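Work through the following exercises with the sequence and the model side by side, and try each task before reading its solution.

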Amino acid sequence: MKVCVFCGKSPPEVKITREHVLRNRFNKVFTHAWGEMDWNQKYVDKTTGEFIVVNRKIPQSPFDQTINDVCKICNEGWLNVQVEQPVEKYLDCMVLGKDVKVDVEACALLSRWSAKTAAVRGLVDPPPYATTAEEFRWLMEELKPIPNTHIWLGRSEARTKTYVRHLKLKHVCSYVYMPRMPTTYGHLTTIAIGNMVVFVLACSSTKMFNELQMTVNEFKKAPLKKIYPEGLNFNFHDLPEISHSWVVHLSSTTNDAKPKPLVVWFAGADI
């Protein structure tokens with residue numbers, strides 16, 4: 001039976017509805033956006049170990065993509081009122097390349113939206129999901145990213161194509177004397193719309209984050225502002241423009257890094 005990923009309730013107590021990955025309101029705001037998606041998925045076949053690449057075109061706006069895992073109460077309630085609406089004025093300006101002052105409060109709103117959107121994007125791919133039931137619940141109850149989440153914001157090269165990539169990170173303990181340690185997951189999600197790009201790195205533990213320092217160092221080199229967990233005060237136009245090729249590189253930087261023995265990577269992406 002379907003259950004809401006956020007509140008955990010199921011029919012007939014609630015009605016499961018379609019939640020947009022990226023709000024369909026962007027269709028009106030970003031009117032010159034590309035009207036179709038190039039779906040590029042990369043993953044490792046669990047049976048053969050073979051690296052699989054799937055490329056196909058989907059005749060659908062990225063702002064019309066939905067998942068069927070959220071109830072009507074959550075969808076039309078706190079997700080709309082406390083996550084989407086408060087951040088609209090910032091997203092609209094940044095997507096269209098307009099200047100806007102970003103303060104500590106705006107960083108919190110943008111981080112809340114980015115973490116929620118990244119988690120929902122993960123539901124497009126087949127399980128196991130990078131965000132657990134407990135973490136979805138955290139997003140609803142705390143209205144902020146889960147612990148060990150780090151978020152960067154940038155002013156990207158203007159493009160009519162929206163770029164979203166969701167890399168799932170799998171953390172496996174291989175110590176001989178700890179054979180029953182559970183597998184945990186995290187993700188690196190990139191969301192680039194118009195002139196705005198955000199990167200969400202969500203880790204299942206501090207240990208997992210510490211093992212990703214090669215990835216974190218790549219973000220430190222880029223012309224980005226880290227907006228979570230610490231907020232900042234800056235003007236959006238003060239950020240140097242980052243090229244799309246650099247965005248693509250950063251979005252897959254965990255694949256380029258040489259992983260330590262405890263970390264295995266696999267990915268699902270759409271562009």
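How many residues of the lining of the second largest pocket are nonpolar, how many polar and how many charged?

This is a predicted model, in which local features need pLDDT of at least 70 and side-chain atom pairs count only at pLDDT 80 or more, while totals for chains, interfaces and linings use all residues. Residues are numbered from 1 along each chain as its sequence is written, and side-chain values use heavy atoms, with hydrogens and water left out.

**Exercise 1.** Classify the pocket lining.

Solution. Begin with the list of lining residues, which runs Arg18, Glu19, His20, Arg23, Asn24, Asn75, Glu76, Leu79, Asn80, Glu84 and Lys116. Next, sort them with Ala, Val, Leu, Ile, Met, Phe, Trp, Tyr, Cys and Pro as nonpolar, Asp, Glu, Lys and Arg as charged, and the others, Gly among them, as polar. The lining then divides into one nonpolar, four polar and six charged residues.

**Exercise 2.** Decide whether Cys7 belongs to a disulfide, and whether Cys7 and Cys107 are buried or exposed.

Solution. Apply first the criterion for a disulfide, a pair of cysteine sulfur atoms within 2.5 Å; by this rule the count comes to zero. Cys7 is in no disulfide, since the nearest cysteine sulfur, that of Cys4, is 3.7 Å away. Then turn to accessibility, where buried means under 20% relative accessible area, exposed over 50% and partly exposed in between (1.4 Å probe, protein chains only). Cys7 counts as buried because its relative accessibility is 13%, and Cys107, with a relative accessible area of 1%, is buried too.

Note on methods: 1 Å grid on protein atoms, 1.4 Å probe; cavity = no way out; pocket = protein on both sides within 12 Å on 5 of 7 lines; lining within 4 Å.
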